[in-house]
Amino acid sequence: MPSAVENARTIRFGLFEVNLGAGELRRRGVRIRLQEQPFRILEALLEKPGRVVTRDELRRRLWPEDARTDLDQRLATAVNKLREALGDSASNPSYVETVPRQGYRFLAAIGGDAPGDAAARRKPARLELAAPPPAPMSTFVGRERELAEAAGLLVDARLLTITGPGGAGKTRLAIELARKVQDRFSDGVLFVPLASTASAAQVMGDLGRALGLPTAAPEQLLHQLHEALGRRRALLILDNFEHLLEAAGLVSDLLSRSASLKVLVTSRAPLRLLGEQEYPLEPLTAPSLDARSPESLQGNPAVQLFVDRAQAVDPDFRVDLNNASAVARLCHGLDGLPLAIELAAARVRLFSPAALADRLCRRLEVLGGGNRDLPERQRTLRRAIEWSYDLLSEPARAVLRRLAVFDGGMTLDAAQALCSGLADCELDALDALTSLSDQNMVQRCSGPDEEVRFTMLESIRAFGLDRLAAEGEGPQVRRLHAEYFLRVAQEAQPHLTGPRQGEWFDRLDADHANFRAALEWAGAPQGEPLLGVRLGAALWRYWIVRGRLYEGRPLLEALLARPADGQPVEPRMDALYAIGSLCHYQGELDQARSALSECVDLARGTSDLRRQAAALSGLGWVHCLTSEFDACLELSEQARQLFDQVGDPRGAAVALNNCGWAANYCGDYPAGRSYHERSLALRREIGDVRGIGFTLATWAWAERQRGDYDRAEELLAESEATLAPIDDKVLSGWALIQRAQLARSRGRLPEAAGLLIDALTRWGAGGHRALLAWTQGVLGGVLLDWGEPERGRELLADALELWQVLRCPWAVAWLRFEQGRWMVDRQPHQARRLLGESLEIRVRIGDRRGVAECLETLLEAERAALAPTDWLRIHNLTQCLRDRLQCPAAPAVEQRLAVRRQGALAQVAEPLPEGPVDDSDAIAWAVERLQGLRG
């Protein structure tokens, strides 16, 4: 059936008329030139006045389906030309409105008669408003997107309710929205403030006064309201309605009596009326805590508001390099809440942004003294929150106080644990959270696997904690909170080494702040240290994987240092093992050795074979890092046997992995491969995702060391794919280092450098000093190869210093070799000294591959000083070592040495005398011979 527009030849709106048949647009009878595409857009909009015409509809109308050009850009250009012809504005439209992410809407009323005719003159006289919206006293900052969205919703909605927590800026947005849309309402905008209205029964009287109506009885006043608003095209704003929700029926009644009336409500809770369109107003987007420069803060709404309000009290205030980080920390800590930001900005006369950020722990006291013309409830942050708190029922207040102990949010189960654990809690968790969510005291968000979580603005949480303390409920609620999260951690613990470990690490990540809060309470004077010890012992692996070593370990150590009289020994053993593992990852090997040794002694005293095996395996790993490879093999083998005895395949896999590392460090790659194969088979059997990735990456390192780059590539690719889903800060970085070393070995130096620079950024969060030192060392060598000696030598020196602190002789020897190798052709004397130091260490710790590597490089450095016979004997020794270890020298090295070998052979008249058969004797002779040259 044809529309009214299609049947009409001429369409009129405002001062314009459109002749569809002639394709003409006229203003007061004067033709306006309009190209075909803008005209066809106007035609489409006129067919659906007041409704959205989507971009897809317009594109199909204007262009064929196979058009290849940028249709969105062409459409925007055509709409702009139409607006120019109509004298319209995109930011404050009278005719063509942009509906974000949808399309466009035609706003003006359409009629068959020209403006000014008799029908228009029969309209009621414009409403004389006694209470127009107040003129804003400050600039409107940071809410441009929200303003556009709310204006779009108001086109179709007759009741629009802006909801949000106290201080979110609902009233300010409503006032700005009224200014934006006032031209749509021929009878104007009426603003009725209700914050001081004591009861729902008084709302009708306040509305009558705003309209200038005489005082009357309720029935008569209601009739007068119907008469005053019945035929008006007006916007009624009811501000601060949250405490008057019982008056929602009046709003419904007024809307039903006037087809042209629209109502805009601001409230901390919706009215729950049929046809209500709710617009939740969130706090402003806060900046990232990583922001460090003014440029990184540009365009952030929360920072824009802070700067604008700060300049109102200090015109010279600017965000610069000195304060950018503090401004980011402050706005982030205030949750982007506009009222809190404005109150903080008012303090810049007294405090710098850094000082304000440091005082956030006392935000309810610091953020006060707002402007005198603010409503009383907004003069301080405490009063703003207290206003909402007083509107709650007493059971809801009790729940709010108790939920404030959750740091970083909570699940429904977590909330239920606190509600069901308290006898006077009259609301179950779902009812409580629904009520508090309706009042915008908590917000709903998504957690891991789309699990529903609830969060609380930090300002509201601080208020809740104050009330919790005032009611004397803190100790009981804190204990329930800690007990719940102990159960969560212990439930997760066995899954952290299984096939779904990524999912479980994500779950723990969502509550890391709650775990920290529980541990801090456990260590407080009124806390329970044993509960905290158990919690820390369950979380240590999570702290390592997600890079929280420095956060967790001090809390656990403090708890373990408390008197343990009468406490069971098992939690202490678990905590000692956890501390030993954390210390090892942080490179504090003396502390790791001490904690693990005590754990071994306690386990032997209880005949606990599983805990004894775990501690022995941990000790073996510490010995491996300190280059005590024989001790590592012995302890790890003991651990493996015990793990086999108690039926723990994962423990056995860890012990085998230790042995593989020790063999690789010594250059015994056949033995290392065997250990890794056995370890990998066990890990695959139990689905230990992280362990599989670790073993593969370590095996890839060994294969690259022995020169099989293709095999190393295969193993590394599988390792990276395995580790990706679990977001392991440590092992993903270890794999990245191996990827860079492989690129270096293949001669792709730019790629290697880029990967290592990326790896460097990870260790600040991960807290793994050994991997930081490893990364610096490899990157230093890459830069030397690449022709960047100054930065390369600096990184090698930094890495060497760190490895010396960590007391790892293998790494010290490796870095001395890197330094000496580069100096062979530049500073031969210095090169001989560094290579000699590396050789001596490698001989001492049993690194035979390293010995061969040093001897080969010294043969190049000492080619003029060594007698041909000695040179050939040492070269034969290196070949013998490499053959036994199945790790040939790099092709370039072999080629250079082969040329020099021919030269040495040409100088030898008789066959070489047979040297010592035993490798150790041959190595000792070679070292002594080379030391003699250096001496």
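In this predicted model, helix α28, which spans residues 589-606, and helix α29, which spans residues 609-625, have axes that come within 8 Å and cross at roughly 155 degrees. Angles over 145 degrees count as roughly antiparallel, and α28 and α29 are therefore roughly antiparallel to each other. The crossing in which α28 passes α29 is left-handed.

On the side of α28, the contact is formed by L589, A592, R593, L596, S597, C599, V600, A603 and R604, and these residues meet R611, Q612, A615, L616, G618, L619, V622, H623 and L625 of α29.

Strand pairing is found in another part of the chain, where strand β2 (residues 16-19) and strand β3 (residues 24-27) run antiparallel and are joined by 4 bridges. Within this pairing, V18 stands opposite L25 in β3. The two strands β2 and β3 form a hairpin in which 4 residues lie between them, and in the turn G23 has a positive phi of about 65 degrees.

Strand β3 is also paired with strand β4 (residues 30-32), to which β3 is joined by 3 bridges in an antiparallel arrangement. In this second pairing, R27 stands opposite V30 in β4.

Notes: Residues are numbered from 1 along each chain as its sequence is written. This is a predicted model: local features need pLDDT of at least 70, side-chain atom pairs count only at pLDDT 80 or more; totals for chains, interfaces and linings use all residues. Side-chain values use heavy atoms; hydrogens and water are left out. Axes are lines fitted to C-alpha atoms, for helices over the stretch in contact, and angles run from 0 to 180 degrees between N-to-C directions. Angles under 35 degrees count as roughly parallel, over 145 as roughly antiparallel, 65 to 115 as roughly perpendicular and the rest as oblique. A crossing is left-handed if the near helix is turned anticlockwise from the far one by less than a right angle, and right-handed if clockwise. Contact means heavy atoms within 4.5 Å. Two strands pair if DSSP finds at least two bridges between them.
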